[in-house]
Amino acid sequence: MKRNRPLSSQAKDLLAILASAPTEWCYGYELMKATGIKSGTLYPVLLRLDERGLLECKWTPPDVEGKPPRHAYRLTDAGLRAAREARASRPALTSFEEQTA
């Protein structure tokens, strides 16, 4: 049986950041910097958002030879709707570009 818990505050923060550039692929490290969420919390939240169908994930080839491929994330249409709903119930973070600059 699948549980459908409400989104955590960290999940809402991630959705808000991703919604500021919904068609852009983002890496976990960029999301950690933008939200302040530590990796031990971030990756499980990203996994749960993916399982709910709110995120699209893909492996990207390395920029530099010898480095491993990286996972990239972006919102699905359902994720964008969830981000808008979350924004209505929670003050939004600043945009992804402002957080990573």
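Biologist: Before we look at this predicted model, what do the words exposed and buried stand for?

Modeller: Exposed means over 50% relative accessible area, and buried means under 20%.

Biologist: Why is Asp77 called exposed?

Modeller: Asp77 has 62% relative accessibility, and the cut-off is over 50%, so Asp77 counts as exposed. Asp77 lies in helix H4. Its C-alpha atom is separated by 8.7 Å from that of Leu55, a residue 22 places away along the chain.

Biologist: What makes Leu18 buried?

Modeller: Buried requires a relative accessible area under 20%, and Leu18 has 1%, so Leu18 is buried. This residue is found in helix H1.

Biologist: Which residues are in contact with Leu18, leaving aside its neighbours within four places in sequence?

Modeller: They are Cys26, Leu31, Leu55, Tyr73 and Leu75. Leu75 is 57 residues from Leu18 in sequence, yet the two C-alpha atoms are 6.5 Å apart in space.

Biologist: Is Ala86 buried or exposed, and how do you know that?

Modeller: Ala86 has 8% relative accessibility, which is under 20%, and therefore counts as buried. Ala86 is found in helix H4.

Biologist: How much of the chain is buried?

Modeller: Of the 101 residues in the chain, 33% are buried.

Biologist: What is the order of helices and strands?

Modeller: The chain has five helices and three strands. Along the sequence they follow the pattern α-β-α-α-β-β-α-α.

Biologist: Why is H1 called roughly perpendicular to H4?

Modeller: The axes of H1, residues 9-19, and H4, residues 77-89, cross at roughly 115° and come within 9 Å. Angles of 65 to 115 degrees count as roughly perpendicular, so H1 is roughly perpendicular to H4. The crossing of these two helices is left-handed.

Biologist: Which residues make that contact?

Modeller: From H1 they are Lys12, Leu15 and Ala19, and from H4 they are Gly79, Leu80, Ala82, Ala83, Ala86, Arg87 and Ser89. By class, six are nonpolar, two polar and two charged.

Biologist: What describes two packed helices in general?

Modeller: The angle between the axes and the distance between the axes.

Biologist: What are the corresponding values for H2 and H3?

Modeller: The axes of H2, residues 28-35, and H3, residues 39-51, come within 10 Å and cross at roughly 115°. This crossing is right-handed. H2 contributes Gly28, Tyr29, Leu31 and Met32 to the contact, while H3 contributes Ser39, Leu42, Tyr43 and Leu46. Six of these residues are nonpolar, two are polar and none is charged.

Biologist: Which members of the largest nonpolar core touch the most other members?

Modeller: Leu14, Leu31, Leu42, Leu46, Leu49, Leu55 and Leu75 do, out of 22 residues in that core. Two or more residues come from each of H1, H2, H3, strand E3 (70-75) and H4. H1 gives the most, with six residues.

Biologist: How many of the contacts join residues that are at least 24 apart in sequence?

Modeller: Among contacts between residues at least 6 apart in sequence, 63% join residues at least 24 apart.

Note on methods: Residues are numbered from 1 along each chain as its sequence is written. This is a predicted model: local features need pLDDT of at least 70, side-chain atom pairs count only at pLDDT 80 or more; totals for chains, interfaces and linings use all residues. Side-chain values use heavy atoms; hydrogens and water are left out. Axes are lines fitted to C-alpha atoms, for helices over the stretch in contact, and angles run from 0 to 180 degrees between N-to-C directions. Helices (H or I, at least four residues) and strands (E, at least two) are DSSP runs, numbered from the N terminus. A crossing is left-handed if the near helix is turned anticlockwise from the far one by less than a right angle, and right-handed if clockwise. Contact means heavy atoms within 4.5 Å. Ala, Val, Leu, Ile, Met, Phe, Trp, Tyr, Cys and Pro count as nonpolar, Asp, Glu, Lys and Arg as charged, and the others, Gly among them, as polar. Angles under 35 degrees count as roughly parallel, over 145 as roughly antiparallel, 65 to 115 as roughly perpendicular and the rest as oblique. A nonpolar core is a set of buried Ala, Val, Leu, Ile, Met, Phe, Trp, Tyr and Cys residues joined through side-chain atoms within 4.5 Å. Buried means under 20% relative accessible area, exposed over 50%, partly exposed in between (1.4 Å probe, protein chains only).
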